[in-house]
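Dear colleague,

Here is the structure you asked to look at. My notes on its side chains follow below it.

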Amino acid sequence: MQGREILLGVTGGIAAYKAAILASKLVQAGAGVSVIMTRSATELVGPRTFEALTGRYVRSEVFDATKIHAHIELARNAELLCIAPATANILGKLACGIADDLLSTVSLSFRGPVVVAPAMNCEMWEKKAVQRNVAQLRSDGVVFVGPESGRLSCGEVGLGRMAEPEQIMQAIQTAWA
């Protein structure tokens with residue numbers, strides 16, 4: 001991953017803490033990592049955590065006072081977009097082409113490989129609407145890593161845990177192959 005540029009989208013799932021681990025591992029492997037956080041994600045893990053791990057400013061707003069076209073610049077500078085955790089909300093936005101925050105707007109501007117690591121309650125994952133969105137995204141070429149089965153933050157056991165950072169890194173390497 002030496003010298004590769006990755007855009008890491010972090011959404012508002014409790015698994016956002018695993019995204020910090022992923023960012024750290026990607027940087028240690030030599031990748032440049034730029035992070036976009038949704039507003040919900042910033043309620044779970046602070047942007048400064050990702051800034052410390054990546055050495056780069058975290059973005060979360062479409063209208064950045066310093067960059068008029070931040071969404072286009074971010075999309076053009078990255079070789080791969082990874083969204084981890086990918087909530088049901090962001091999967092729906094991506095499947096329907098909705099661009100109402102920085103991450104979804106950048107996703108529409110991005111032309112390279114996209115890897116997503118879903119994370120949500122098992123009942124949400126099994127919902128027909130979510131599965132339709134997943135099927136659409138797969139047919140669009142989006143690479144899915146997980147979700148895994150296990151104990152969820154809500155206390156239930158089932159399919160919905162975000163894949164481990166090492167699995168996501170492997171999927172990123174495979175997407176570049």
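Arg4 is partly exposed, because its relative accessibility is 27%, a value between the 20% and 50% cut-offs. Please keep in mind that the model is predicted.

Arg4 has two partners to look at. One is Glu79: the two form a salt bridge, and their closest N and O atoms are 2.7 Å apart. Arg4 sits in the segment before β1 and Glu79 in the loop between α3 (70–77) and β3, so this pair ties together parts that are 75 residues apart in sequence. Glu79 counts as partly exposed, at 29% relative accessibility.

Salt bridges

The count of salt bridges comes to seven. Side chains of opposite charge can pair when their charged atoms come close.

Lys25 and Glu166 meet through their side chains in a salt bridge, at 3.3 Å from N to O. Lys25 belongs to helix α1 and Glu166 to helix α8, so the pair ties together parts that are 141 residues apart in sequence. Lys25 is partly exposed at 28% relative accessibility, and Glu166 is partly exposed with a relative accessible area of 45%.

Lys93 is in helix α4 (residues 88–96). Is Lys93 buried or exposed? Its relative accessible area is 10%, so Lys93 is buried, the cut-off being under 20%. Lys93 forms a salt bridge with Asp100, with the closest N and O atoms 2.7 Å apart. Asp101 joins in as well: Lys93, Asp100 and Asp101 are linked in a network of salt bridges. Leaving aside neighbours within four places in sequence, Lys93 is in contact with Ile98, Asp100, Asp101 and Ser104.

Nonpolar cores

The largest nonpolar core has 33 residues, and the members that touch the most others are Leu8, Val10, Leu26, Phe50, Cys82, Ile168 and Ile172. Two or more residues come from each of β1 (5–10), α1 (16–28), β2 (32–37), β3 (80–86), β4 (114–118) and α8 (165–176). Helix α1 gives the largest share of this core, six residues. A second, separate core has 26 residues, among them Ile36, Ala78, Ala95 and Met120.

What does Val10 touch, not counting residues up to four places away in sequence? The list is Ala16, Ala19, Val35, Ile36, Met37, Thr38, Ala41, Phe50, Ala84, Pro85 and Leu103. Of these, Phe50 is named with Val10 among the members of the largest core that touch the most others, while Ile36 is included in the second core.

Cysteines and aromatic pairs

A disulfide is a covalent bond between the sulfur atoms of two cysteines. How many disulfides does the model have? The count is zero. Cys82 is buried, at 0% relative accessibility, whereas Cys96 is exposed, at 55% relative accessibility. The count of aromatic pairs also comes to zero.

Regards

Notes: Residues numbered from 1 in each chain as written. Predicted model: local features only at pLDDT ≥ 70, side-chain atom pairs only at ≥ 80, totals over all residues. Heavy atoms only, no water. Core = buried A, V, L, I, M, F, W, Y, C linked by side-chain atoms within 4.5 Å. Buried < 20%, exposed > 50% of the residue type's maximum accessible area, 1.4 Å probe, protein only. Helix = DSSP H or I, 4+ residues; strand = E, 2+ residues; numbered from the N terminus. Contact = heavy atoms within 4.5 Å. Salt bridge = Lys/Arg side-chain N within 4 Å of Asp/Glu carboxyl O. Phe/Tyr/Trp six-rings, centres within 6.5 Å; stacked < 30°, edge-to-face > 60°. Disulfide = S-S within 2.5 Å.
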